[in-house]
Amino acid sequence: MSKNPYHPINGEIIDIIDESPTIKTFVVVPEEEFKFKTGQFVELTLPGEGEAPFTPSSSPAETKQMDISIMKAGRMTGLLHECKKGQEVGIRGPYGNGYPVDDFVGKEVYIVGGGVGLAPIRSLFLTLVDKIKDFKSVVCRYGARTPADFIYKKTLFGAWQEIKGVDIKLTVDEAKDGWDGNVGVVTTILSEKDVNIKNSVAVVCGPPIMMKFATLKLLEFGFPASKIYLSMEKNMSCGIGKCGHCMIGKYYVCKEGPVFTYDQIKNYPKIWA
Amino acid sequence: MESVFINKLKPLLDAISEKIELYVPKKAGEHYVYNRYDAAVATEVELNNIRPCTPIKEFLQPGCELASISTGPAEPDIKPFAVFGLKDCDLRSIAVLDKVFLDEEFKDPFYEARRESMFIISSDCFEPGESCFCNIMDGEPFAQSGFDLNISKVNEGFIVEAGSEKGKDFIEKHPSLFTDVSKALLSERDENRAKTQKQLEENNSKLKFDTPIKEIVENSEESEVYDDEVKTCIECQACTRICPTCHCFYLYDVKQKDYFAKMKMWDSCMRMAYATVAGGANPHKILGDRMKHRLMHKFVYFLDRYGLNMCVGCGRCVDADAGGIDLREILKRLSKEVKVSK
């Protein structure tokens, strides 16, 4: 008999970090060793309540525990936000393809993120800076609604900015709390001079509307559709390409995604909805 | 494979049901539904002229089942069973489900266990239903493959053909049930089949399009036909529930006194919140878009992905549609739009 793919392994939430008014990071320790590739996702179960898909925000090099940053957006995420340390959870996965990091070697990696979209990007970022010499540079452009909505503030404003080969620029939709940086959506801090497009790949993750306009901007800069990597958010229940909910055209986002090049999906309907 | 002859069906069904549970179609109103076969009370069984009303997927992927339990992985506990009276459309619908649930990377252990435990006795159609259009969707009114035994009605009795090792083994283990089949009977069977084929061709002559159906549907992205067709849709989801190839499901968690569990339950892409994500975004908010996605999945995406049509032309959705929506009419309307745009 085949292994039951619907059965989660047990885990425990050992720490909860308040990142922003709507986002918390849960540190989860699985009972068994759990390996994943950056950009892959897990189905996190709250026993008896339900499960939902999240991409870990920690480095895959860390196999004993993983960080999962969750924005309070619906029923499941609301319940998760009420959890306390010591909460038992279930974990299925890892599922999906993840970022093709090997294909990024020798290139400038142009990362565009918004809101909670920084969660998967943090995992990618940590993977890249771990071997920063393998990449030409890592250029990050990230936007949040207000300064309070930035997540991973300590490292985002501190240590990450100091890494050689890394260039980070931030923006907010609404300036508050003494913010003296750029004000405007993330596309206002994108410039075709940020990277040498001929030797770059772009990675976009964030709310659908932001992903749409960032992608259009990148295309305008001359990025080929095959070099723009998008993390697609769809309703994913089974995680193993059967239940049907996450389809974009012939693809199951949970299996061939969640990372797609724009080229793969551009002709299918409603990709940004 | 090997073919033999039998006068009556009862001895055959009695022999099958001796060791395992057997389900046979029974007339209910104008339709057939599956019932447990009880050799002690059964009289001679009537061979169903067309597919039963309910889809065969019910035997392989029940409407609701336990998928995981906190006290340990749920394991399928399936006893061997047999189903009698499947038609070619049913067999082809199993081939569709196999692609999804027996996918090499992730097999569904519950589907796999049922599939392996199922003994399939199919039969030829001899009077196509009004809504049958299998001949348009690569089908035939007789089994092509995927059966253990197939029954063809002939004047004097029935030809029984083995379609698998399991079927062959059954025939070999029950020599007293069968006699040899004559060449005359085999040509009678072939004539019957040709007659039904011809009738299907006549019934569905208007569904023969110049453009392949895949292309017709693929080109309907901007069509207003969907929004127009769903005007009478009452969103009952009967079309997808009764469809033998529709296989969408969702997992949900339950809390019991002593344990937690995950259940697997049929879902439908015609349901409003089917594709909704946390926060409320929904690519298929509009009913017409859901209908479009349903057709795209059946006639375009599945074919692209697995090389098989996800519609077998059984016509069940046509019979079941409470709003009178007819898939065949939608295809006809869409086919006309292709001509206009060319």
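Reply: Start with contacts in chain A. Two residues are in contact if their C-beta atoms, placed from the backbone, lie within 7 Å. Take the contacts in chain A with a separation of 6 or more: residues 24 or more positions apart account for 71% of them.

Me: What kind of model is this, and how are its parts numbered?

Reply: This is a predicted model: local features need pLDDT of at least 70, side-chain atom pairs count only at pLDDT 80 or more, and totals for chains, interfaces and linings use all residues. Residues are numbered from 1 along each chain as its sequence is written, while chains are lettered from A and ligands numbered from 1 in the order in which they are written.

Me: How many helices and strands does chain A have?

Reply: Helices (H or I, at least four residues) and strands (E, at least two) are DSSP runs, numbered from the N terminus. Chain A has 7 helices and 15 strands.

Me: What share of chain A is buried?

Reply: A residue is buried if 20 or more other C-beta atoms lie within 10 Å of its own, exposed if 12 or fewer, and partly exposed in between; C-beta atoms are placed from the backbone. In chain A, 51% of the 273 residues count as buried.

Me: Is Gly239(A) buried or exposed?

Reply: Gly239(A) counts as buried, because it has 25 C-beta neighbours inside 10 Å. Gly239(A) sits in the loop between strand 12 and strand 13 (247–248) of chain A. Leave aside its neighbours within four places in sequence: its contacts include Glu43(A), Pro53(A) and Cys254(A). Pro53(A) is 186 residues away from Gly239(A) in sequence, yet the C-alpha atoms are 8.0 Å apart.

Me: In what order do the 6 strands of the antiparallel sheet run?

Reply: Two strands pair if DSSP finds at least two bridges between them. Here the order is 4-3-6-1-2-5 in chain A, and the sheet is open. Its edge strands are strand 4 (50–54) and strand 5 (66–71), each pairing on one side only. From one strand to the next, the twist averages 40°. Axes are lines fitted to C-alpha atoms, for helices over the stretch in contact, and angles run from 0 to 180 degrees between N-to-C directions. Now look inside this sheet. Strand 3 (residues 41–46) and strand 6 (residues 88–95) of chain A pair in the antiparallel sense over 4 bridges.

Me: Which strands stand at the edges of the mixed sheet?

Reply: That open sheet in chain A has 7 strands in the order 10-9-8-7-11-12-15, with mixed pairing. Strand 10 (182–183) and strand 15 (259–261) of chain A are at the edges; each has a single partner strand, so one side of each is left without a neighbour in the sheet. Strand 7 (residues 108–114) and strand 11 (residues 200–205) of chain A pair in the parallel sense over 6 bridges. There, Val109(A) has Val201(A) of strand 11 as its bridge partner. Helix 3 (residues 118–130) of chain A packs on this sheet, and its direction makes about 155° with that of strand 7.

Me: What does chain B contain?

Reply: Chain B has 12 helices and 10 strands. Of its 342 residues, 44% count as buried. Domain bounds come from an automatic or database domain assignment. For chain B this gives domain 1 (3–203) and domain 2 (213–341). Their C-alpha centres lie 26 Å apart.

Me: How many residues does each chain bring to the contact between chain A and chain B?

Reply: Chain B brings 40 residues and chain A brings 36 residues. On the side of chain B that touches chain A, strand 9 of chain B gives the most, with 7 residues.
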